[in-house]
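Colleague: I would like to go through this model with you. Could you begin with the metal site and then move on to a helix?

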Amino acid sequence: MFLRHPALHAFDFDAAIVDLDGTMVDTLGDFSAALGGMLADLRLPAIAAASIETMVGKGSEHLIRSVLAHVGVADIEAVYPQAWERYQHHYLAINGQHARVYDGVCEGLEALRAQGLRLACLTNKPLSFAQPLLAAKGLDGLFEQVFGGDSFERKKPDPLPLIKTCEALGTAPARTLMIGDSSNDAKAARAAGCPVVLVDYGYNHGEPVQGVDADAYLGSLVELTATTPALSA
Ligand SMILES: O=C(O)COP(=O)(O)O
Ligand SMILES: [Mg+2]
């Protein structure tokens, strides 16, 4: 199939790999609630959601270490094991309750599937957080494969998770489109040889996503649908 977006006319795809946080679901409220519970349990100061937003995208371990540094913990590794245990406890208790699916996600992905693309979800979130979240938001049925930040030896921006996801789908990276919201998705895609589009409404470490090397930037996943014959032919 051909995608409608002007920058993508040259590409022909068999599958798409879709990021979760900041691309399909706005999870900042969940991150904020879980980290708030963790910090309270550790008797540490609270952190604002705006600060958390800049730290999301490289997985839970990186997020927890960044938050501990931000609130002034000197010996992060000494606190880390308990912080991770408390974070996991709180996240699983509220998973999805302070999160919402972005406009256009279901329509966009259903249209890609209707045109024959195979879909996988690849997130840096732990798989045990990702699976219940997708199910709670009614997104789980869209994907043949779901992989988390702990599914492979390394996380995005390393290309390994994308290469492994292409292998699981049985598709060539050059014919597998990465759809993400951050430099982690784009760097991983470039290194794996996958074309990549980025949404402009997610979390990119506080930086405008247009500054990241990608094939196109989207305001909504519906922009990926090939409903315009003149453009999709
Ligand atoms: O957990 C994170 O850091 C973000 O996960 P993502 O890969 O779905 O954006
Ligand atoms: Mg993301």
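Modeller: Aspartate 19 and aspartate 181 are both buried, where buried means under 20% relative accessible area, exposed over 50% and partly exposed in between (1.4 Å probe, protein chains only). This is a predicted model, in which local features need pLDDT of at least 70 and side-chain atom pairs count only at pLDDT 80 or more, while totals for chains, interfaces and linings use all residues. Residues are numbered from 1 along each chain as its sequence is written, chains are lettered from A and ligands numbered from 1 in the order written, and side-chain values use heavy atoms, without hydrogens and water.

Colleague: Which protein donors does the magnesium ion (ligand 2) have?

Modeller: They are Asp19 (OD), Asp21 (O) and Asp181 (OD), lying 2.1 to 2.2 Å from the ion. Donors are N, O and S atoms within 2.8 Å of the metal (3.2 Å for Na, K and Ca); water is not among the atoms, so sites may look incomplete.

Colleague: What spacing do the donors follow along the chain?

Modeller: The spacing is D-x1-D-x159-D. Aspartate 19, in the loop between β1 and β2, and aspartate 181, in the loop between β6 and α8, are 162 residues apart, and the pair links distant parts of the chain. Helices (H or I, at least four residues) and strands (E, at least two) are DSSP runs, numbered from the N terminus.

Colleague: What does UniProt list for "binding site"?

Modeller: The unreviewed UniProt entry lists Asp19, Asp21 and Asp181; such annotations may be inferred rather than shown by experiment. Although spread over 163 residues of sequence, they cluster in space, with a largest C-alpha distance of 8.1 Å.

Colleague: Is aspartate 21 buried or exposed?

Modeller: Aspartate 21 has 9% relative accessibility and therefore counts as buried. Its side chain makes a polar contact with that of threonine 27 at 2.5 Å. A polar contact is a pair of N or O atoms within 3.5 Å; within protein, one must be able to donate a hydrogen and the other to accept it, and residues adjacent in sequence count only if both atoms are side-chain atoms.

Colleague: Changing topic, which residues of helix α6 are buried?

Modeller: In α6 (residues 127–136), they are Phe129, Ala130, Leu133 and Leu134. Seen down the helix axis, they fall within an arc of 120° and so line one face of α6; the arc is that of the directions from the axis to the C-beta atoms.

Colleague: And what follows α6?

Modeller: Glycine 138 follows α6, and its phi is positive, near 70°.
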